[in-house]
Amino acid sequence: MNPYRRHPVIQIATVLVYIFLYAPIVVLILYSFNASRTNVTFEGFIPRVSERVEMKGSLVQAAPCGAFHWFCELSKNDDVIEAAGNTLTIAFASTFVSVIIGTMAALALQRYEFKLKPFSQLSLYIPIVIPEIVMGIGILTLFSQLFGLLNGALGLTGDSRLSLGLGTVIVSHIAFSVPFVTLVVQARLQGFDKSYEEAAMDLGANEWTTFRRVTFPMILPGILSGGLLAFTLSLDDFVITFFTNGPGSTTLPIYVYGLLRKIITPQVNALSTVWVLTVFIAVLLLQMLQSREQKQH
Amino acid sequence: MASEFAVELRDVVKKFITPEGNELNAVDHVTMQIKNGEFFSMLGSSGCGKTTSLRMIAGFEWPTEGEVYIEGKPMGHTPPFQRKVNTVFQSYALFQHMTVFQNIAFGLEMEGADKNEIEKRVKRALEMVQLTGMERRKPKQLSGGQQQRVAVARALVKVPDVLLLDEPLGALDLKLRKEMQLELKALQQQLGITFVYVTHDQEEAMTMSDRIAVMSKGKVQQMGTPVEIYERPANRFVADFIGESNFLEGTIKSLSKEEAVVFVPQLNAELTGIPVSDGLVNGEEVTVSIRPEKVHISDKVLDVNSFTGRVTNTVYIGTDTHVFVDLMGKQIKVFEQNRISRLDPGSFYSIGQEVILVMWPDNVLVLKKG
């Protein structure tokens, strides 16, 4: 029997916590269907076609999508499409690279003993605990100094000069993702008995085949968890991207921030809704993976 | 087979650095020759170097000094996947993401065997370990004993020159362990493959082995058949580690070609007619050892090595009754077999009773000191 009583106060507190956590998101999604174009107040849902006649302003003519009007507007906004494309490119590229580096680092930290191992282990936590803004400034300084030197040394001018852009954002995202991936894979490796690898080699598999057939499949859930974490972190990131992006590499967070300074239209909400759903699905996947992993072990 | 010996270790040393930064010889100048087709055990308590020795044969570790030979060929730094030996791991190390079939087929795939061949050989291997029909199970769905069989099948399907087994029965309960001991021994005899078996369980080693190497502190203390090791232990460590022994300190008083007389100050008496082993010198200080089941309780004083003592305790353990007898302050353990069924076997000897112990000369061993 469960010795803990279900006190009503606890139940009320639970409901309040849920409201606190999810009410803003619900409101955000609700406003993405707002009939008002200023989005200061909620003026009801966008009406169906027959009711549009009474609507004021130009909305009547330009609303072939019904309630999903703002989503349609969004899909016609080239800036948003470009920003979304950039965000996904950055997320996929930085996840891919940081998963490889992070997994390799985790394996090395598990397998080898070396003088700087305690330092290496500790250094993983530095990018995690350091304020993002410090890291952003640091990376920006590094890039501008480096590019200045390289441009000077190689005599690059005009468009061929090295400058901030998609590349620098990807590199900076890799930099903050690697420690997360490493730590997640490391946790997975904690319970990994090295005799599995020895058994594979004993049965005639060389190092690479052993990794491919035994080590990799066994730590894959850890690698995927690490990858999904890196992916969502990259999708979300504002601060570091703010410092390292350049012309043509605007991401969604940067774009939304730009919009907010002008006027908040329900388009921003529509964008946020799509975004929230995407991240939600990603997190759901992560959870499913982890629970499957727990069932297996 | 090219060589008389399946495995040979020549003066092998393996140094490790302890966490405190000290150098430690986990294996300390070990030389052993394991014959083809032999069931050979390395026996010792944890940290004696038996597993490290096995791992050097498998190729998971390389000797710091000396050389490991397999079928007469020096192994040097040959990686495990190029050695014709296979290992059954203590943890079994079955690949959890693969089925039983895939586990056993893994080694054959690595050899590049074709699909039909693999299927045929996996089937035979499963028959051999009586697991037919389990092909599609995952290791997690098997009992400990079944997992152990899969581990054996996975190693044996490769038809290695030598099968290495690292305490493979350690995780099983006693009854299953005893069954598996006999099964493994039968399998070894049937296949004629050399088995090198690591265990800390002396009974297990005695049951299965043709020869045993008793190890301690990285060194081989004695190598021989189970009978040799039990009946003629080379030193006090072996006599103490294998079975039980009563030890008495003494000095050789006289020495002829066949017999020795040892004076034991503790008993203030001489033990006479003791068989002589090599290298003993007159006047040498020695340890005399006699197995508890080889001490005879007599009702009258005989003319050889008879001593009167007093029973201090009796312990009934089913097959035997252990009788503890005080001989002039020295406690001697005697195992008396319970050959007659009765409900009060312990009371056959009562505490405080006077008994006469006879140590027949042939049962007494003289061990060198140190």
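Me: How many bridges join strand β17 of chain B to β18(B)?
Reply: Keep in mind that this is a predicted model. There are 8 bridges between β17(B), residues 320–327, and β18(B), and the two run antiparallel.

Me: And which residue stands opposite B:V325?
Reply: That's B:I332, which sits in β18(B).

Me: What order do the strands of that sheet come in?
Reply: The order is β15-β19-β16-β17-β18 in chain B, 5 strands making an open sheet with antiparallel pairing. The edges are β15 (296–298) and β18 (330–337) of chain B, each pairing on one side only. On average, neighbouring strands here are turned by 45° against each other, ignoring direction.

Me: Staying in chain B, is strand β3 buried or exposed?
Reply: Mostly covered: 5 of the 5 residues in β3(B), which spans 39–43, are buried.

Me: Which side chains point which way there?
Reply: B:F39, B:S41 and B:L43 point one way, while B:F40 and B:M42 point the other, and all are buried. In a regular strand, side chains alternate between the two faces of the sheet.

Me: Which strands does β3(B) pair with?
Reply: One partner is β8(B), residues 194–199, in the parallel sense over 5 bridges. There, B:S41 stands opposite B:Y197. Strand β9(B), residues 211–216, also pairs with β3(B) in the parallel sense, over 4 bridges. In that pairing B:F40 has B:R211 as its bridge partner.

Me: OK, switching to chain A. How many helices and strands does it have?
Reply: Chain A comes to 12 helices and 0 strands.

Me: How does its radius of gyration look next to a compact globule?
Reply: Chain A has 25 Å, whereas a compact globule of 297 residues would be near 19 Å. The C-alpha atoms fill a box of roughly 80 × 75 × 35 Å along the principal axes. As for burial, 40% of the 297 residues of chain A count as buried.

Me: Which residues form the nonpolar surface patch on chain A?
Reply: They are A:V17, A:Y18, A:F20, A:L21, A:Y22, A:I25 and A:V26, with about 730 Å² of accessible area together. One of them, A:Y18, is in helix α1 of chain A, residues 8–31.

Me: Where is A:V27, then?
Reply: A:V27 is in helix α1 of chain A too.

Me: Why does A:V27 count as partly exposed?
Reply: Because its relative accessible area is 43%, and partly exposed covers what lies between under 20% for buried and over 50% for exposed.

Me: How far is A:V27 from A:F42?
Reply: Their C-alpha atoms are separated by 9.7 Å, with the two residues 15 apart along the chain.

Definitions and conventions. Residues are numbered from 1 along each chain as its sequence is written. Chains are lettered from A and ligands numbered from 1 in the order in which they are written. This is a predicted model: local features need pLDDT of at least 70, side-chain atom pairs count only at pLDDT 80 or more; totals for chains, interfaces and linings use all residues. Side-chain values use heavy atoms; hydrogens and water are left out. Two strands pair if DSSP finds at least two bridges between them. Axes are lines fitted to C-alpha atoms, for helices over the stretch in contact, and angles run from 0 to 180 degrees between N-to-C directions. Patches are made of residues with over 30% relative accessible area and no salt bridge: like charges are joined within 9 Å, nonpolar side chains (Val, Leu, Ile, Met, Phe, Trp, Tyr) within 5 Å. Accessible areas come from the Shrake-Rupley method with a 1.4 Å probe; for residues, only the protein chains shown count as cover. A salt bridge is a side-chain nitrogen of Lys or Arg within 4 Å of a carboxyl oxygen of Asp or Glu. The radius of gyration is taken over C-alpha atoms; the globule rule is 2.2 Å times the number of residues to the power 0.38. Buried means under 20% relative accessible area, exposed over 50%, partly exposed in between (1.4 Å probe, protein chains only).
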